[in-house]
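Reader: I'm new to this one. Can you show me the structure and walk me through some of it?
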Amino acid sequence: MSVLFEELQIGTLRARNRFVRAATYEALATDDGHLTPELRAVYEELAGGGVGTIIVSYAYVTREEQPNPRMLGIYDDSFVAEYRKLVDDLHQRGARVVSQIVYGGSATKLDPPSARILGPSAVAHPKTGIIPVEASATDLRVLADAFADAAARAQAAGFDGVELHAAHGYLLSQFLNPLLNRRADEYGGSLENRARFLVEVVDAVRARAGAEFPLLVKLNSSDGVAGGLTEDDSIEVAKLLAARGVSAIEVSGNWRACRAKDYAGEPFFAAYAQRLVREADIPVILTGGNRRFAAMERLAIEDGIAGFGLCRPLICEPDLPNLWMGDRAYAPRCVSCNGCSSSPGHRCILP
């Protein structure tokens, strides 16, 4: 049996294989963030398709700030019972389940945007043009508590872990980015200061959910722009997180700028992940460009990559892990065209 079909271990999380469904925005929740039959069906199909771990699409942690339309929420206790039903169902289908939680900030695509959007500094977002309110020390304490409350809800709902979304330009990522974080206090300037809020959120989650509950962080390998977070800085942030008891790092980055054909079948951020495994004592999940079974198998065996996140390939073929179980040489249909990101329900557009 291939190493990719061996058990993935992230703290107390034990999954049937190394394949991880990376959190994927489906835009299929209700307007206020609750589950729908359509969204439940997406996860049921994924679990039946053989993936070991499903990271459920990002859920916003405060009622007042919704990053994107029809995304999931986890901002009050009304979500616990419905998530419990979902998690129980996916467990019965053999999958482990992780809740990803987020505060979007100025990266929002909600139209119109939330009335009050916090950020590290009052700097216009380069893509949305939105200028957030610079978060005060009180704001940051409230947000850290909101993340901790959301993690406690995920734990109460039976999720096998929780993941902080600190990548892709959302708030936790913005604090790490010198282009968006111009603060002159203890949350800005040096890398240690820019990482301070993320570390405080980790500490708040640990205080609420306990030391044993698996806590993952999704982290950019770099921001992919001049003046943003560099790979060297990202490695140091990962080391800080490992020291604070984070259970695993999911490696990502500017995936929209990547095309699978340009990487000759290699995962987009493999070089960074290989370095992270060498330099930080923490399990690494590599997401982005995972298309070839042989490439992932080699990275698992030779470099110690713990898991492999799949997003667009599972939109195209939710049963891809089962297909690989039958034929390791199987070539996924996904060509990273990004057509799914603009289709209704974020479905694959290939015929």
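Author: Let's start with two strands. β11 and strand β12 (residues 284–287) pair in the parallel sense over three bridges. Helices (H or I, at least four residues) and strands (E, at least two) are DSSP runs, numbered from the N terminus, and two strands pair if DSSP finds at least two bridges between them.

Reader: What kind of model is it, before we go on?
Author: This is a predicted model, where local features need pLDDT of at least 70, side-chain atom pairs count only at pLDDT 80 or more, and totals for chains, interfaces and linings use all residues. Residues are numbered from 1 along each chain as its sequence is written, and side-chain values use heavy atoms, with hydrogens and water left out.

Reader: OK. Which residue stands opposite isoleucine 285 in β12?
Author: Glutamate 250 does. Glutamate 250, in β11, also has lysine 218 opposite it.

Reader: What does β10 do with β11?
Author: Strand β10 (residues 215–220) pairs with β11 in the parallel sense, over five bridges. With helix α7 (residues 231–243), the two strands make a right-handed β-α-β unit. Right-handed means that, with the strands pointing away from the viewer, the path from the first strand over the helix to the second runs clockwise.

Reader: How many residues of β11 are buried?
Author: Five of the five residues in β11 (residues 248–252) are buried, so the strand is largely enclosed by the rest of the structure. Buried means under 20% relative accessible area (1.4 Å probe, protein chains only).

Reader: And which residues are on which side?
Author: Ala248, Glu250 and Ser252 are on one side, with Ile249 and Val251 on the other. In a regular strand the side chains alternate between the two faces of the sheet.

Reader: Switching to helices. Which residues of α1 are buried?
Author: Leu39, Val42, Tyr43, Leu46 and Ala47. They sit on the same side of α1, because they cover an arc of only 130° around the axis, taken from the directions from the helix axis to the C-beta atoms.

Reader: What do they pack against?
Author: β3 (19–21), β4 (53–60), β5 (72–73), α2 (80–92) and α10. Contact here means heavy atoms within 4.5 Å.

Reader: Where is proline 318, and is it buried or exposed?
Author: Proline 318 is in the loop between α10 (312–316) and α11 (320–326). Its relative accessibility is 15%, so it counts as buried.

Reader: What is proline 318 in contact with?
Author: Leaving aside neighbours within four places in sequence, proline 318 is in contact with Glu45, Leu46 and Gly49. Leu46 is one of the buried residues of α1.

Definitions and conventions: Buried < 20%, exposed > 50% of the residue type's maximum accessible area, 1.4 Å probe, protein only.
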